[in-house]
Amino acid sequence: MIHPAHIKVKALLAASPAGQEVTVKGWVRTKRGNKQVAFIAINDGSTINTIQVVANPENFDEELLKSITTGACIRVTGKLVESLGSGQPVEIQATEIELYGASDPNTYPLQKKGHSMEFLRDIAHLRPRTNTFGAVLRVRHAMAFAVHKYFNDRGFCYLHTPVITGSDAEGAGEMFRVTTLDMNNPPRTPEGKIDFNQDFFGRETNLTVSGQLEGELGAMALGDIYTFGPTFRAENSNTPRHLAEFWMIEPEMAFYEIKENMDLAEDFVKYLVSYALENCADDLAFFNQMYDKELIDRLKMVVENDFIRMTYTDAVEIIVNSGQKWEFPVSWGSDLQAEHERYLVEKHFKKPVILTNYPKKIKAFYMFQNEDDLTVRGMDVLFPKIGEIIGGSQREHRLDKLTERMAEQHIAEEDMWWYLDTRRFGACPHSGFGLGFERLILFVTGMGNIRDVIPFPRTPRNAEF
Ligand code: ATP
Ligand code: MG
């Protein structure tokens, strides 16, 4: 018999029940009942909700019903009717059940009781089947889609920057090497060093820490571009906000100065958060109820308020005069830590904050230098609970200023000839920023640990799956 194409649970729950025949396929979340009736809750990943299947044991083989346990995969065909029970609008009165794959209840790791996040990380291959991770992954998808929609609607060009890079200007010390040399017996130069000339690319290569430099090349031809891809940092920091492999969105815009850059960053994150509020309502309601009662209020707060904009110097003054005790005391010139950033956002202003004009000695060589000779036009967007969610700057487009900073930071001009060429041929003011995609997902879902907002986290000493 040919079965009608199956319908997603999300669509079924929204359909008007008129006894029509429907087929659903998915994974059993729970089965309960008695000799007269069995209730099976099915989830297929299309929504956080399950559809209830009602089966009369008289109509089904006893062995079949027995094998329908939590985690099993089944097909059900039946009539879609109004549900008599509370909690769901419709249910399916089963006429046929097919077991695709059984799931041994004695060994299936996901039971009805709540599991700890740590335990679920150890079974990252199965955790998408939980309510929490299903919701995280749907929100993640919605945010990725919204990123592309935002830029596409505004005429930005999606530029694919390389994952393997020969430039290490930005990431000295925290890059992952890419090589095909025999690690046990690498070729050596006469001086005894490893001879990367014999490596696959004929040179040292690494996984990229950022697509920015190549992004700038694109902006100098296409005007407005963005990248959205994986980036890699071998930073050995085991924090709830750092991954070794994470996704970054990096727009780069010709003719934008720092003001326009801030405007875009603010508009962009507000758009993404509004998109989540509008399109992920069920999942956000779940997070709000289960994890973080202030989540939806916090999301609305971001959408509804103008971000505070102030200089690093003014922020340091607020932090120094706050009367708070800090793990890392601050004075002008020091890098701000998450504790300071969160104080500004959560306690002092109670709004997102964009800081600008950082001391040049704590920022990268490519940031536009201010007249004062002390500060550069960097900008960080700081969010509640997260701290830094975006880092960006107006770029230094003046060749002499740029090479001066490179010399100070011991970056060889020969290695960066292609980057410097954009300053030699038709340079113009331009700006860009990087949004850490997982930091955004942390914020939107209210989850506490960045390992729980990416399907398969890569962190120090962890690359299972
Ligand atoms: P942090 O101070 O938090 O380490 P950063 O200054 O190193 O951040 P940038 O180099 O400016 O960050 O990168 C741009 C954005 O990428 C950051 O604003 C953040 O959202 C994100 N990001 C940076 N490092 C990581 C990481 N290890 N894991 C996840 N996201 C990251
Ligand atoms: Mg960092």
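**A tour from cavity to barrel**

About 40 Å³ of space lies in the second largest cavity of this predicted model. By the rule used here, the count comes to two cavities of 30 Å³ or more. Rolling a probe the size of a water molecule over the atoms shows where empty space is left.

What kinds of residue make up the lining of the second largest cavity: nonpolar, polar or charged? Seven are nonpolar, none is polar and one is charged.

Next, select residues 131-153, which form helix H4. Lys149 is found in this helix. Is Lys149 buried, partly exposed or exposed? Lys149 counts as partly exposed because its relative accessibility is 34%, and that class lies between under 20% for buried and over 50% for exposed.

Now turn to the strands. Five strands close into a barrel, and their order is E1-E2-E3-E5-E4. The pairing in the barrel is mixed. From one strand to the next, the twist averages 55 degrees.

For one pair in detail, select residues 21-33, strand E1, and residues 73-82, strand E4. How many bridges join E1 and E4? There are seven, and the two strands pair in the antiparallel sense. To end the tour, select Lys25 and then Arg75, its bridge partner in E4.

Methods. Residues are numbered from 1 along each chain as its sequence is written. Chains are lettered from A and ligands numbered from 1 in the order in which they are written. This is a predicted model: local features need pLDDT of at least 70, side-chain atom pairs count only at pLDDT 80 or more; totals for chains, interfaces and linings use all residues. Side-chain values use heavy atoms; hydrogens and water are left out. Two strands pair if DSSP finds at least two bridges between them. Helices (H or I, at least four residues) and strands (E, at least two) are DSSP runs, numbered from the N terminus. Axes are lines fitted to C-alpha atoms, for helices over the stretch in contact, and angles run from 0 to 180 degrees between N-to-C directions. Buried means under 20% relative accessible area, exposed over 50%, partly exposed in between (1.4 Å probe, protein chains only). On a 1 Å grid over the protein atoms alone, a cavity is a set of points where a 1.4 Å probe fits but cannot get out, and a pocket is an open set with protein on both sides within 12 Å along at least five of seven lines; lining residues have an atom within 4 Å of a point. Grid points are joined across faces, edges and corners, and a volume is the space filled by probe spheres set on the points. Ala, Val, Leu, Ile, Met, Phe, Trp, Tyr, Cys and Pro count as nonpolar, Asp, Glu, Lys and Arg as charged, and the others, Gly among them, as polar.
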